[in-house]
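The following exercises are to be worked through with the sequence and the structure at hand. Each task is followed by a solution in steps.

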Amino acid sequence: MEALGSSDCNLEILETLSDDAIQEITESYDGFFTTVESLISGTGDSSVEDEFVSHVYCLCKYGLDSLVRDHFLRSLEQAFEKGGASSFWEHFDAYSEKKLTNYGEEIQVVLCKALEEISVEKQYHEKCLSIVVHALQSYKEQSSVDRQTSDTERVHLFSRFQSMLSSTLMTTLPQHFPEILHWYFKERLEELSAIMDGDGIGEQEDDCMDLDEKLRYKNGEMDVDDGYSQGKRLGHDKLVKNIGKVVRDLRSIGFTSMAENAYASAIFLLLKAKVHDLAGDEYRTSVLESIKEWIQTVPLQFLNALLSYLGDSVSYSTTSSDLTSPLACCPSPSFSKVVTPSEGIVRWKLRLEYFAYETLQDLRIAKLFEIIVDYPESSPAIEDLKQCLEYTGQHSKLVESFITSLKYRLLTAGASTNDILHQYVSTIKALRAIDPAGVFLEAVGEPIRDYLRGRKDTIKCIVTMLTDGSGGNANGSGNPGDSLLEELMRDEENQENVGFDDDFHTDDKQAWLNASRWEPDPVEADPLKGSLSQRKVDILGMLVDIIGSKEQLVNEYRVMLAEKLLNKTDYDIDTEIRTVELLKIHFGEASMQRCEIMLNDLIDSKRVNTNIKKASQTGSELRENELSVDTLTSTILSTNFWPPIQDEPLELPGPIDKLLSDYANRYHEIKTPRKLLWKKNLGTVKLELQFEDRALQFTVSPTHAAIIMQFQEKKSWTYKDLSAVIGIPIDALNRRVNFWISKGVLRESTGANSNSNVLTLVESITDSGKNEGEELLTGEEESETSIASVEDQLRKEMTIYEKFIMGMLTNFGSMALERIHNTLKMFCVADPSYDKSLQQLQSFLSGLVSEEKLEFRDGMYLLKK
Amino acid sequence: MKLLLLTFYATSVLHTQKTEWHAVASWTWDAQDETCGICRMAFDGCCPDCKLPGDDCPLIWGACNHAFHLHCILKWVNSQTSQAHCPMCRREWQFKE
């Protein structure tokens with residue numbers, strides 16, 4: 001404004017100027033130019049200054065003071081550009097080639113030197129400027145203008161100078177300078193951190209210090225009486241002072257923000273490195289506390305010292321003296337002061353902690369998959385992550401990243417269903433720790449569940465996990481199956497507790513307590529997915545959720561249980577009883593009814609067995625070729641409650657058959673009017689084959705036993721004859737015979753055609769040389785199942801609907817899965833009513849598609865033409 | 001006896017010993033019909049009030065040779081004010097001796 005005002009004056013004055021005046025102005029103008037030049041370059045002596053001042057007066061007299069200011073500043077700028085700035089940058093020219101690499105130690109010296117030089121230069125320029133200001137001021141005082149203006153004059157000029165200076169530097173700023181600064185601060189900080197780490201080691205030596213003391217120590221309150229750490233402190237102080245000086249110099253040439261950026265990024269870099277260093281791939285310890293401690297000791301100390309050196313923390317010195325004196329008897333300069341943390345420090349602390357939390361969180365989230373793989377051991381890492389997330393609130397990041405890694409690493413064809421399930425269970429447990437409400441679990445679990453639903457063996461694996469200790473996990477990491485059972489047990493206890501609460505404490509007070517404890521769902525919760533109470537995290541429930549309905553799971557379990565019970569010979573069913581009891585708690589008595597009957601059958605069989613044996617002891621003496629009843633035990637089933645059992649005709653050798661019918665008769669005697677129907681192909685036979693030169697023990701199925709027993713009578717049989725005697729088809733016989741061949745008990749020799757191939761008993765070990773290698777080939781032959789699998793059952797049950805479906809499709813052309821499902825539900829209400837799930841229907845339909853009865857196109861089923 | 005055994009060994013090179021045979025059987029009520037005429041449940045199952053089949057839910061035969069779950073026919077007999085009749089053949093109900 002002022003400059004503008006005076007230029008207005010100039011115009012009026014211009015008309016009234018006399019020639020003399022013009023002459024005077026021109027002279028003093030020229031004089032002014034030359035004196036300015038010599039003043040700035042510092043070549044003239046003290047007379048130049050006087051001359052300069054008189055020229056300024058003269059120009060001011062004609063109201064040309066704005067000209068004085070502008071010209072002077074421009075001259076300063078030119079001089080600075082030529083001298084200071086370029087020489088300043090020249091210092092760093094040598095480093096322009098190296099990008100982001102090691103600048104070496106000398107950069108520190110160079111930087112300090114350059115800054116010092118430019119400061120000197122700046123000081124000189126400021127001196128010149130103050131001469132001008134002084135001249136202008138004294139002129140104004142003479143012409144009786146009040147002091148107020150002259151003060152603003154000064155401020156105004158200096159700020160113009162300052163901005164001129166920094167803009168000059170900025171425009172000529174080489175690209176690599178920020179990097180140099182960054183590098184410088186990084187180096188310094190690392191040095192500092194090393195010093196502090198040294199302290200840390202010393203500190204760890206006296207672990208017995210209680211926490212309060214430690215905290216005081218960290219705040220720098222500890223009595224520093226040993227020279228060693230004092231030396232460190234001094235080194236530290238010196239270093240901080242050095243850095244402080246650099247920062248102050250940078251500030252003075254207008255690089256405040258650049259300097260701050262540089263040391264901030266250096267600190268963050270250091271912090272990040274530290275977090276990575278501490279956290280790394282170690283999940284078994286919590287690192288959050290040590291990171292916080294480190295922030296407190298290294299970067300915050302540094303910032304504290306730095307800010308106080310720069311005079312930013314106002315409260316620093318004022319509060320220090322009266323607070324420290326009673327506590328510290330020998331205070332060292334920078335550590336003795338209790339810092340009522342200034343606002344800057346607090347802000348820094350928050351920034352640093354947030355950054356640390358975020359870094360750790362990112363680190364953990366990226367590795368969440370591995371962390372969850374060894375979950376129970378890695379729970380400290382989970383706990384850290386939980387705290388970080390509470391602070392940063394970036395849960396969605398976790399969900400996204402975890403789902404991606406799941407899809408990439410777990411939900412692939414290569415992963416076994418068992419592994420997926422184990423990971424799922426661990427995920428449930430781990431995420432339950434992070435977020436008890438289960439909102440994120442819901443999001444993360446969805447893809448796993450969807451994927452598992454597409455796998456055929458999911459149900460089987462789940463049931464195996466539930467019931468088997470080993471969980472079918474071959475790589476033997478502990479007993480994961482056990483943990484699932486334990487889970488069931490624990491849930492059972494919880495439920496008992498809940499029940500207890502419900503019975504005795506549901507008064508108003510309790511209701512009020514419950515109400516006041518209510519917390520809203522996290523924001524990320526999907527309102528469509530039910531409220532908090534429904535999302536109770538129950539692992540078994542979530543597993544059932546994969547399958548679709550508990551009926552399916554129970555059904556699968558029943559088949560598995562049947563298989564297991566049928567293979568038992570010792571009636572020892574304690575573990576099964578326990579499992580069934582646990583499952584009963586979760587699924588209700590009614591759905592486990594059939595399993596209970598199955599178990600009961602076993603218990604009854606045991607009793608009946610002993611009764612029959614007792615009754616037959618009193619019986620007559622054994623005749624020749626007759627077997628004692630002691631060799632026989634039996635499992636008696638209530639067929640209606642067992643899953644369908646595969647029946648196969650089988651003729652047993654005479655003595656055994658006799659034994660069985662005797663046993664059945666005795667049963668009939670004891671339990672009239674009930675009678676026994678043998679399922680001859682089921683059961684287990686332990687037998688010892690006695691040859692001339694050796695004895696072999698086997699545990700085989702009755703069919704196998706029947707085959708080998710035929711060879712007692714006759715050394716060689718043709719397939720045809722053998723199949724006729726035993727009463728099983730030739731192809732079935734073939735499979736069984738292979739077992740004995742592989743064991744080196746039988747030998748096959750080629751006949752006229754395949755049915756007349758002759759099987760001969762291998763009499764002695766000498767002519768059974770080749771059996772060893774073949775044993776492996778037939779390993780899976782033994783894993784025959786006697787129970788029809790659930791899929792077989794389903795197929796059988798679904799075939800009645802096949803006609804309906806075919807008719808439907810003939811009428812409607814093509815239909816979607818759901819429509820077929822709904823139509824069946826609507827029309828098949830009569831006996832047997834349609835009670836299958838959508839998934840079951842789908843698998844049945846895909847069976848029909850593979851049989852080429854149907855076609856599946858764009859989500860629609862249609863008849864195959 | 002000994003001589004017999006010796007001849008046995010002479011004719012056979014293979015001899016099975018220490019056999020332990022664990023067989024599987026199912027039990028059934030020896031009734032002519034499949035299902036109980038009262039509850040329409042299988043005889044080999046149990047009546048609607050029972051949980052365990054077999055000894056806990058036995059069958060009973062009437063003089064007319066019709067069989068029912070014991071619990072079912074008892075309920076029937078007790079619900080009749082006068083003399084009960086067999087639900088199947090309407091003859092007077094007598095428990096078979």
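**Exercise 1.** How many residues has helix α34 (residues 838–850) of chain A, and how far does it reach from its first C-alpha to its last?

*Solution.* The model is predicted: local features need pLDDT of at least 70, side-chain atom pairs count only at pLDDT 80 or more, and totals for chains, interfaces and linings use all residues. Residues are numbered from 1 along each chain as its sequence is written, while chains are lettered from A and ligands numbered from 1 in the order in which they are written.

Step 1. Helices (H or I, at least four residues) and strands (E, at least two) are DSSP runs, numbered from the N terminus.
Step 2. Helix α34 of chain A has 13 residues and reaches 18 Å, close to the 18 Å expected at 1.5 Å a residue. The expected span is 1.5 Å times one less than the number of residues.

**Exercise 2.** Identify the buried residues of α34(A) and what they pack against.

*Solution.* Step 1. A residue is buried if 20 or more other C-beta atoms lie within 10 Å of its own, exposed if 12 or fewer, and partly exposed in between, with C-beta atoms placed from the backbone.
Step 1. In α34(A), the buried residues are A:L841, A:F844 and A:L845. They cover an arc of only 100° around the axis, so they lie on the same side of α34(A); the arc is that of the directions from the helix axis to the C-beta atoms.
Step 2. The buried residues of α34(A) pack against α32 (790–812), α33 (817–827), β8 (854–857) and β9 (860–863) of chain A.
Step 3. After α34(A) comes A:E852, with a positive phi near 65°.

**Exercise 3.** Describe chain B and its contact with chain A.

*Solution.* Step 1. Chain B has 2 helices and 3 strands, in the order α-β-β-β-α from the N terminus. Of its 97 residues, 29% are buried.
Step 1. Two residues are in contact if their C-beta atoms, placed from the backbone, lie within 7 Å. The contact takes 27 residues from chain B and 44 from chain A. Strand β1 (residues 15–29) of chain B gives the most to the side of chain B that touches chain A, with 15 residues.
Step 2. Strands pair if DSSP finds at least two bridges between them. Strand β1 (residues 632–637) of chain A and β1(B) run parallel, joined by 6 bridges; A:L632 stands opposite B:W21.

**Exercise 4.** Which elements of chain A have the lowest and the highest mean pLDDT?

*Solution.* Step 1. pLDDT is the predictor's confidence in each residue, from 0 to 100. The mean for chain A is 72, and 73% of its residues reach 70 or more.
Step 1. Helix α13 (residues 315–324) of chain A has the lowest mean (37), and β1(A) the highest (88).
Step 2. Over residues 200–228 of chain A the pLDDT is below 50. Where pLDDT is low, the predicted coordinates should not be read in detail.
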